[in-house]
Amino acid sequence: MTTIHLTVNNQPHTLTVPPMKRLLDLLREDLSLTGTKEACGEGECGACAILLDTGSGPELVNSCLIPALQADNATLTTIEGLAPDAALHPIQQSFLQAGGAQCGICTPGMILATHHLLTQHPNPTEAQIREGLSGNLCRCTGYMRIFESIRQAATETAR
Amino acid sequence: MSQGNPILGTSPLRKEGRAKVLGATQYIDDLTLPGLWHGTTIRSTIARGRIKSITFDPQINWSEYAIVRAADIPGENSIVHLTRDHPCLAATEINHVAEPILLLAHPEKSALLAARSAIHIDYDELPGVFTIEASEAAVEALHHDPNATSNIIWSGSNSGGTPNCFKQYQMHTGEADETEDALAAAFESADFIITGEYTTGAQEQLYIEPNGVIAECDIDPATGHIRGVTVRGSMQCPYYLVHALALVFNLPEENCRVLQVETGGAFGGKEDFPSVIGSHAALLAMKCGHPVKIIYDRSEDMAATTKRHPSRTRIRTAVSRDGKLLAGTIDIALDGGAYATLSPVVLSRATLHAPGPYKWPHLRVRAKAMATNIPPHGAFRGFGAPQSLFALERHIDKIAHTLGLTPEEIRRRNFLSTGDRTATGQLLTEPVDMQHLLTRALADSGYHARRDRFAAENPTSRIKRGIGIAAFMHGAGFTGSGERRLNSLVHLDILPNGLPQILVSSTEFGQGTNTILCQVAAEALALPYDDILIHQPDTTLVPDSGPTVASRTAMIVGKLVERAAHQILTTLRTHASLPTPHTRAQFIAAAQSYLTRHNHLRASTRYQPATKIHWDDDLYRGDAYPAYAWAVYVAEVAVDLSTYTATVTRFDALQEVGRVLHPILARGQIEGGIAQGIGYALYEKCVYQNGHLMNNQMTNYIMPTSADLPTIHVYFEETPSPHGPGGAKGIGELPMDGPAPAILNAIEDATGIAFTAIPLLPEDIFERLTAYTTHPHGGTEDLNPATDLDTETESPRVSA
């Protein structure tokens, strides 16, 4: 067991966990943040994607591949941290309006991937959108409504 | 009908969408119950044989675990689908890899891993039967020698099948003998006889949320009797699981409660399989006296649960010089896997879609589902139709090439239209205009200009571009008399606040059930969409409105909701002075006034066919489906002769699905289905070795990513249908049917090579292109010159 300090969605936490516990399990089991999903367990699908900042800025990572130890002193954002108040984040709003969420299981990871993409490219090209989301699998939408959601979110945040 | 703003045809926000984008939606793995234990399944590692012994390593303290074997099952050791051949747990006989043998549960999930590896099962292994051909060969051997049963893996007794064959259908365009005579005459005199064989592979549904359930078992502490079981989980068809539990536990159905929780994708993969995992978890709950959760990880889900049926279709056609289909025979074989499960009905849909949207003066379709030692194949969007339409639409292009006609022209000369009869004799009374759909699809997609451009550019390019079309239809609702048998029931309640709540067993798993049913009710009741509630399916509260499958929910259940809403209005107008038209406030006032006098207000509606439906299950003739959606899809591909990769570079999809209830959801359905269809054609391959799925991971089972798919252009032609609410028909499965043939037609346009099998991976293209110089036909078929007159006319356009 090891003790780690981390900040999740602006809340500081000190946890004693097995050092190799998956960050995904730490979030879901120890912090009850179940918005982060497991779908493949091997870093292929992005359902467990979160934003992890270990000091050099937020990175989009698959939390199923990160041992808890690696999140010591890190700052994390999960889907629950995007809209701390009742109001939806503009990305969440655009996914809701444009049909970017169907079954919803990939949606938290998709929205965080979009957040990361729009941080890097506030006005992403189609190629940047496709590249930015290529680590997040969606089986329902064929991605077209998700692309549209991202275009709407980019327009909205640019205003 | 509506007195306010129209709601049907607009795109209100998805009912459960807000929780989904917030990440607040609770799926089954996000739920827990007090005292919850975790369950796991011990599965066979061989494909066929008998269990010799099971030993438990004494290093583990097994008293901490609940262990369930076949002998512990209180009712019948059978998962009920259409027959009862499918064991809940294997007792001695093993018929496929990953067949469940034992169930284990423990309070700590982490304790299951060590326990799993401490159970040793010894087998007497038998050689497996892994392909349609091997299964057929065993039947053939049996015909020669009644004692040659060594490769008969499914007896067929008591299940309506024959050895190694779950089901067979034979369908003729007319009386069987007369049709056979007409076929013989047509093949005798036709200008051209064109034959082809087409194959499709297994496909994983790959819902992003794996299968999972939580089960509870209520045991009378005094007597030890099981009073009831409750299962909640990710599923499409709560009442299917009720039927399964009732059999496994020998309980009345009313004591088996099933709740659907938010479901993270299904696509047919959660139609029949939840009956298995749900029964397993309930058995463990019975054994340990605690709620038990089973969540499959991806590798177990892929290895053990159903896939799309692999198929082989042989088509023989007699065609006149001017391109008219004169006669045809179509022989379909599906690989059903080890147990019958849903194979008979998948085969039925394959049979009924085999003729495509064409006029066949004389046609015979024979279809069979064969047993193999592969985990049972099951429901997947399209349900047999993608297999037979792939074969037919590739074959239609082959006819065009043979005759020197364009793919467009051959279709125009044979399309069904209003007033024609389909191959089953169904009179098409509602408007069908495939000619217009084709014209519009080609115009909207810029087909002719692109085809000409590619033909000019290809000779000097390493990247060969091509464009292909597929024309097809998909029947909405259950086949023939199926909807009458389902006898679906819907309730619409008025709650104490005076507003309505829909009660149905129809499930939401991303496709939009909640949203469209609420739109239908809102429009019919002239209330705002936000006022309509829909209850999460719980079989103690919601009636059986049928399974959420077969593109039936919008059309069939939607119509029932619409009728129930009209009943409510009639009641309130008659008994509570509701004016016509009414405002929201007037509706609420009337509803509450009614409730104060009568305590409750519920409208219940049962299925009634919109028009008379005649179907003969023995002859396989009549009105196969209440309604059809019609479509023409256009695929553009680029085949890179350096990497042998085929990529879809543009996709245009035009369909007539009746009234579009919710344009954004409808587009989402079409685009998502096309993405799965592109995966089916070019990416997704199930690799089996000795019955083991070797690539049961997302790492090596490749579905399309956002970087792989082209822009998909979606167009609707709206012809209102009398069958669905506001004129809607079914939409969900249609987009799965067209992409694969359109893409392979485009690849033939690009390369001149007639590929006939999917999935078509770069290694397949490499093999054919590099073997081209030694292959005279430039096609994957080995053409028989005796029956195939196109050998000379086929001129490959590849210069590589």
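Domain bounds, as used here, come from an automatic or database domain assignment. For chain A of this predicted model, that assignment gives domain 1, residues 2-81, and domain 2, residues 90-158. Taken over C-alpha atoms, the centres of domain 1 and domain 2 of chain A are separated by 21 Å. The contact between them involves 14 residues of domain 1 of chain A and 12 residues of domain 2 of chain A. On the domain 1 side, strand β3 (residues 49-53) of chain A gives the most, with three residues. By class, that side of domain 1 of chain A has 10 nonpolar residues, three polar and one charged.

Most residues other than glycine have a negative phi, and most peptide bonds are trans. A:Asn9 is not a glycine, yet its phi is positive, at about 50°. A:Asn9 sits in the loop between β1 (2-8) and β2 (11-17) of chain A.

The next stop is the helices of chain A. Two packed helices are described by the angle between their axes and the distance between the axes. Helix α2 (residues 90-98) of chain A and helix α3 (residues 107-120) of chain A have axes that come within 10 Å and cross at roughly 125°. The crossing of α2(A) with α3(A) is right-handed. From α2(A), the residues A:Ile91, A:Gln92 and A:Phe95 make the contact, and from α3(A) the residues A:Thr107, A:Ile111, A:Thr114 and A:His115. Three of the residues in this contact of α2(A) with α3(A) are nonpolar and four are polar, with no charged residue.

Helix α2(A) also packs against helix α5 (residues 144-158) of chain A, where the axes come within 8 Å and cross at roughly 135°. Here too the angle makes α2(A) oblique, this time to α5(A). α2(A) passes α5(A) in a right-handed crossing. On the α2(A) side, the residues are A:Pro90, A:Ile91, A:Ser94, A:Phe95, A:Gln97 and A:Ala98, and they meet A:Arg145, A:Glu148, A:Ser149, A:Gln152, A:Ala153, A:Glu156 and A:Thr157 of α5(A). The contact of α2(A) with α5(A) divides into five nonpolar, five polar and three charged residues.

Chain A touches chain B through 39 of its residues, which are in contact with 43 residues of chain B. In chain B, α1 (17-22) and α17 (663-682) each supply at least two residues of the side that touches chain A. Helix α17(B) gives the most to that side, with eight residues. The residues of the side of chain B that touches chain A comprise 19 nonpolar, 15 polar and nine charged.

Within chain B, the domain assignment gives domain 1 (17-25 + 488-606), domain 2 (31-127 + 209-304) and domain 3 (311-478 + 621-774). The C-alpha centres of domain 2 and domain 3 of chain B are 37 Å apart. Their contact takes 22 residues from domain 2 of chain B and 25 residues from domain 3 of chain B. Nine nonpolar, eight polar and five charged residues make up the side of domain 2 of chain B that touches domain 3 of chain B.

Chain B also contains an open sheet of seven strands, in the order β3-β5-β1-β12-β9-β10-β11, with mixed pairing. At its edges are β3 (66-68) and β11 (256-260) of chain B, each of which pairs on one side only. On average, and with direction ignored, neighbouring strands of this sheet are turned by 25° against each other. Helix α2 (residues 110-117) of chain B packs on the sheet and touches β1 and β5 (100-106) of chain B, its direction making about 145° with that of β5(B). Helix α6 (residues 274-288) of chain B lies across β1, β3, β5, β9 (212-219), β10 (226-233) and β12 of chain B, and runs at about 40° to β9(B). Inside the sheet, strand β1 (residues 37-43) and strand β12 (residues 292-295) of chain B pair in the parallel sense over two bridges. In that pairing, B:Lys293 of β12(B) is the bridge partner of B:His38.

Two cis peptide bonds complete the tour. The bond from B:Thr580 to B:Pro581 is cis, with omega near -10°, and B:Pro581 lies in the loop between α15 (553-575) and α16 (584-598) of chain B. B:Ile758 and B:Pro759 are also joined by a cis peptide bond, with omega about 0°. B:Pro759 is in the loop between β28 (757-758) and α20 (762-770) of chain B.

Definitions and conventions: Residues are numbered from 1 along each chain as its sequence is written. Chains are lettered from A and ligands numbered from 1 in the order in which they are written. This is a predicted model: local features need pLDDT of at least 70, side-chain atom pairs count only at pLDDT 80 or more; totals for chains, interfaces and linings use all residues. Two residues are in contact if their C-beta atoms, placed from the backbone, lie within 7 Å. Helices (H or I, at least four residues) and strands (E, at least two) are DSSP runs, numbered from the N terminus. Ala, Val, Leu, Ile, Met, Phe, Trp, Tyr, Cys and Pro count as nonpolar, Asp, Glu, Lys and Arg as charged, and the others, Gly among them, as polar. Two strands pair if DSSP finds at least two bridges between them. Axes are lines fitted to C-alpha atoms, for helices over the stretch in contact, and angles run from 0 to 180 degrees between N-to-C directions. A crossing is left-handed if the near helix is turned anticlockwise from the far one by less than a right angle, and right-handed if clockwise. Angles under 35 degrees count as roughly parallel, over 145 as roughly antiparallel, 65 to 115 as roughly perpendicular and the rest as oblique.
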